[in-house]
Amino acid sequence: MKIIECKNNIFVLDMKNTHYVVGIDKFGTDRMIYWGKKCDVDDYEIFTFGDENSNHTVLDEIKQECTVFGKTMYRECVLKANFYDSCREINSTFIGANVEKDRLVLNFKDEYYGFVYSINYRIFADCDIVEKSITVKNESENDIEFERLFSAEFTLPSKDEYIISNTNGAWGGEWIEANEKLSAGSIVFESKRGISGHNNSPYFIAYQNADEKSGDVYFGSLAYSSNFKVIANRDLYSNTRVILGMNDFDFSYVLKSGESFTTPCVYAGNTQGFGEMSRQMNTLAIEHLLPRQFNDKQLPVLYNSWEATGFDVNAKGQLELAKIAADLGVELFVMDDGWFGKRNNDDAGLGDWFVNKDKFPNGLNELIDGVNELGMDFGIWVEPEMVNPNSDLYRLHPEWTYHYDTRVKSELRNQLVLNMTRQDVCEYVFECLDNLLSEHNIKYIKWDMNRPFSETGAENLSCPKMLYYLHNKAVYDIVDRLKEKHPHVAFEACASGGGRADLGALSHFDQCWTSDNTDGIDRMTIQHGYSLLRPIKAMRAWVTDIAGINKPCSLDFRFNIAMQGALGLGGNLLKYSDEDKEISKKNIALYKSIRHTVQFGDLYRVSNQDDNEVLINSYVEKDKSKAVVFIASRGTRFYKKRINVLFDGLEENAKYKFTFQNKEYVKSGAYMANVGIPAHIHGAYYNEIIICEKI
């Protein structure tokens, strides 16, 4: 796996199973040559042709890696700039390539305006993933303003129609898949809220005749947690292109003389089937993207006290919950909202990150020490980007929020968004959290964000339209600084549920909150959508007292679903019966025995509940020594369902032992994958977990 430099300025990104081939033609234009299964590298060449006619130019037809605005090119572009004299056209020439073992940089320059841009590539030895980004540099004495500054462009190889997949979700219903055949024109997915959001996702999946195991699948995921845009287009020549990056809605980026800027990265690949796509992206995230402190460590079973106590928190009540949680086998106790400022409801206190003395007259250490004595680590909830107008911070610094002096500030959940593009605001947030972590034995921070942006005035900025990027960067920087100073603390990204569950956040946070909807039935669908391009290890999944928004489901059923990620509990343990506690204790012990397989193994989605009425997910250790198969059905229709359960991902010639539906088996991996084991799926909410051990 390396970058191969061929004759005539052709570069082959040689990965495990695929080639990504780019080049420079005789006119100095970047060209996308091929993306797919490996071929003989000596066979690759660049074909040139002329304009179709005066209305359909060669620039509109050729396949490029970074289309720039200008000349006779009328399709969507990656870069669009305004120069000092109002010229908006980029006219660049190729000035050379930098080649290393796993990295390639193609450099271009617009000599007249002193503008340089580079297309950056990186490949990873353990998966068929290419990383792409764009670097722009200003070598002139004048400002260069960008109206569009996307990260990557992809041209898909087939002339046939692709189905483009993204999400069309909502708060409480994140990651709901949306699939649309692209015959002509464009499909756009985007966020304009200041976070990557609950609706569309910052990625694309394009496929033809694909399922979990087969069919051409192309995909790319943007590592960015703010406003994004994905544009998929099919032109009159039947070329399907996808570009993606920071949204150009309400966007501008000014590059000063001598400055450079690199866009957020996109991670892209081509696989046979959706299953391999997910497994490659899971490997990429764990091995290369997740922060190094905890990327190779199993995430603990946590308990969060929010549903039990709401804002009514104190040391006595929290310790009462902690004692029950510890007895169940919980490893991390997390106190949620209500511990700070004058926070008795969501009307006050945000921004005042000091301990509420009425609730904790002896400080937090009384509670933390008690939790630690029970054998658990302690974690806490914060929402650092927000402020309540009813707070000491806002009364002292009303100018610290995004605002326009001539407009009323819109409150959502009784709060406003702090202007994180200000250095004084960032330092205040950092110092508050740094003091909190320095003075207390806290091992976990749940970082929340409960509203999108509005009134996006930032009078401190000469170009206020840069605020979305700068705000996002500030969040990343603060988390990175805190992690460097407090390397023992794990961070969770949360934004009203799954509003910040993207590869950008997961390059800085150790895990993410998947959705505020913890309904076990709904989670079957939500977690399926999450698993497509995001790491299972980082997917927090709770068992709570929401026993089925649509229909009731058992505690065992809820555990079955939540154990397919990073397990947590969030119910009111004070109301648990002895039977509930025993069920919880049993399942937590079981999860600990299979946790490594779930968090670090390969996921095989054998059956989709929305299509087949039965959910079957198999998690397999990398060395094929162990597999854990989760089966769950929310109710089969008309007749009781008799199926053969297939066990994907096992070593074909090895024997595995397991117990299923009260019968012991010893079967080969090949038999289990192709023939399967007969099962009778019956009852309203059937669920079972099978552990397969290699003999």
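**Notes on the predicted model**

1. Arginine 413 is found in the loop between helix 6 (392-396) and strand 25 (416-417); helices (H or I, at least four residues) and strands (E, at least two) are DSSP runs, numbered from the N terminus. This is a predicted model, in which local features need pLDDT of at least 70 and side-chain atom pairs count only at pLDDT 80 or more, while totals for chains, interfaces and linings use all residues. Residues are numbered from 1 along each chain as its sequence is written, and side-chain values use heavy atoms, with hydrogens and water left out.

2. The phi angle of arginine 413 is near 55°, which is a positive value in a residue other than glycine, and asparagine 414, in the loop between helix 6 and strand 25, has a phi near 60°, again a positive value in a residue other than glycine. Arginine 413, with 31% relative accessibility, counts as partly exposed, and asparagine 414 is partly exposed with a relative accessible area of 28% (buried means under 20% relative accessible area, exposed over 50%, partly exposed in between, with a 1.4 Å probe and protein chains only).

3. Strand 1 and strand 2 (residues 10-14) pair in the antiparallel sense over 5 bridges, and the bridge partner of glutamate 5 in strand 2 is phenylalanine 11.

4. Strand 8 (residues 115-123) deserves a paragraph of its own. Of its 9 residues, 8 are buried, so strand 8 is largely enclosed by the rest of the structure. Strand 7 (residues 103-110) runs antiparallel to strand 8 and is joined to it by 8 bridges; for arginine 103, the bridge partner in strand 8 is arginine 122. Strand 7 and strand 8 form a hairpin with 4 residues between them, and glycine 114 in the turn has a positive phi of about 60°. Strand 8 also pairs with strand 9 (residues 129-138), in the antiparallel sense and over 9 bridges, and here tyrosine 117 stands opposite valine 136 in strand 9. Strand 8 and strand 9 form a hairpin as well, with 5 residues between them.

5. Strand 26 pairs with strand 27 (residues 490-493) in the parallel sense, over 4 bridges, and the partner of tryptophan 447 in strand 27 is alanine 493.

6. The axes of helix 4 (residues 315-328) and helix 5 (residues 365-373) come within 10 Å and cross at roughly 15°; axes are lines fitted to C-alpha atoms, for helices over the stretch in contact, and angles run from 0 to 180 degrees between N-to-C directions. Helix 4 and helix 5 are therefore roughly parallel to each other (angles under 35 degrees count as roughly parallel, over 145 as roughly antiparallel, 65 to 115 as roughly perpendicular and the rest as oblique). Ala315, Gln318, Leu319 and Ala322 of helix 4 make the contact with Glu366, Leu367, Gly370 and Val371 of helix 5, contact meaning heavy atoms within 4.5 Å.

7. Two single residues may be compared with the model by eye. Threonine 283 lies in helix 2 (residues 274-289) and, at 13% relative accessibility, counts as buried; leaving aside residues up to four places away in sequence, threonine 283 touches Asp126, His288 and Lys622. Proline 300 lies in the loop between helix 2 and strand 21 (302-304) and is partly exposed, with a relative accessible area of 26%. Again not counting residues up to four places away in sequence, proline 300 touches Glu331, Leu332, Arg540, Leu567 and Arg595. The C-alpha atoms of proline 300 and methionine 376 are separated by 9.8 Å, although these residues are 76 residues apart along the chain.

Definitions and conventions:
Pairing = 2+ DSSP bridges.
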